[in-house]
Amino acid sequence: PGNLTVGGTLSVTGITTLNGQANVGSVVPRIDSTFSLGSNTLRFASIYGDGLTITNNATFGGDVNITQTTDVGVLNTTNLDNGSAVGLSLTYPTSNVAAGDGLAIAIGITGRGRSYIANSNTSNNLDASNLEFYTEGGGVINKVLTLDQSKNATFTGKIIQSVSSSGLAASFTNTDAASGYGVAIQSEGTSNTRYALILRNI
């Protein structure tokens, strides 16, 4: 057999069988978002590439391993902000962002008891968001923890800590010398002077 060179367009209406290697440039479908590469029963064993862009849903039947191949340096706020220390990024459009909008990662069995880690916008300010944690029990999803933009942690349930007989159940360090309080537990109400318990520094 010899070589076949086509200088124009080659149209094939039937099945084309290639037993050897096809050396091609870009492979572009004739119509956008219409044809598949492989099928549910006939699949390619592996796909190798330097980049992958998917504009619709992606379903993985096995493990997903993400390996960072370059040194990102020190993990700090600068490297987080510019993205150099980010190994996995989940984003959503910036248009029409309002308070309460967010995106969650679900962990667990589909349709059953799952846990969620979510980013929630506090307003239409694109630079202000909270980190929220949800758990599911008895078919009901509940928010259990919020880490807000002001560095506060809010629990919606009890805080339970088990320690050995020689350990400390809790240790608090007051960094605000002006307040003079080591621990201050405030009762419900709007007054700043309504405290259920105050432990002062000595």
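How many bridges pair strand S4 with S5, and in which sense do the two strands run? Strand S4, residues 140–147, and S5 pair in the antiparallel sense over three bridges, where two strands are taken to pair if DSSP finds at least two bridges between them. Strands here are DSSP runs of E with at least two residues, and helices are runs of H or I with at least four, both numbered from the N terminus.

Before I go on, a word on the model. This is a predicted model, in which local features need pLDDT of at least 70 and side-chain atom pairs count only at pLDDT 80 or more, while totals for chains, interfaces and linings use all residues. Residues are numbered from 1 along each chain as its sequence is written, and side-chain values use heavy atoms, with hydrogens and water left out.

Let me turn to the sheet as a whole. Five strands make up an open sheet in the order S1-S2-S3-S4-S5, with antiparallel pairing. S1 and strand S5, residues 153–155, stand at the edges with a single partner strand each, so one side of each is left without a neighbour in the sheet. From one strand to the next the twist averages 25°, an angle taken between N-to-C directions on a scale from 0 to 180 degrees, with axes as lines fitted to C-alpha atoms.

Further in, six bridges join strand S2, residues 114–121, to strand S3, residues 129–137, and these run antiparallel; Ser120 stands opposite Asn130 in S3. S3 is in turn joined to S4 by seven bridges, again antiparallel, and these two strands form a hairpin with two residues between them, where Gly138 in the turn has a positive phi of about 65°. Leu131 has Leu147 in S4 as its bridge partner, and the bridge partner of Leu147 in S5 is Ala153.

Glu132 counts as buried at 7% relative accessibility, whereas Lys143 counts as partly exposed at 33%; buried means under 20% relative accessible area, exposed over 50%, and partly exposed in between, with a 1.4 Å probe and protein chains only.

Which residues other than glycine have a positive phi? One of them is Asn96, with phi of about 60°, in the loop between helix H1, residues 77–82, and S1, and exposed at 75% relative accessible area. Another is Lys151, with phi near 75°, in the loop between S4 and S5, and exposed at 81%.

Finally, the surface. A nonpolar patch, with about 990 Å² of accessible area together, includes Phe60, Ile105, Leu131 and Leu147 among its residues. Such patches are made of residues with over 30% relative accessible area and no salt bridge, nonpolar side chains (Val, Leu, Ile, Met, Phe, Trp, Tyr) being joined within 5 Å and like charges within 9 Å, and the areas come from the Shrake-Rupley method with a 1.4 Å probe, where for residues only the protein chains shown count as cover. Strand S1, residues 102–108, gives the most to the patch, with three residues; Ile105 lies in S1 and is partly exposed, with a relative accessible area of 40%.

How values were computed
A salt bridge is a side-chain nitrogen of Lys or Arg within 4 Å of a carboxyl oxygen of Asp or Glu.
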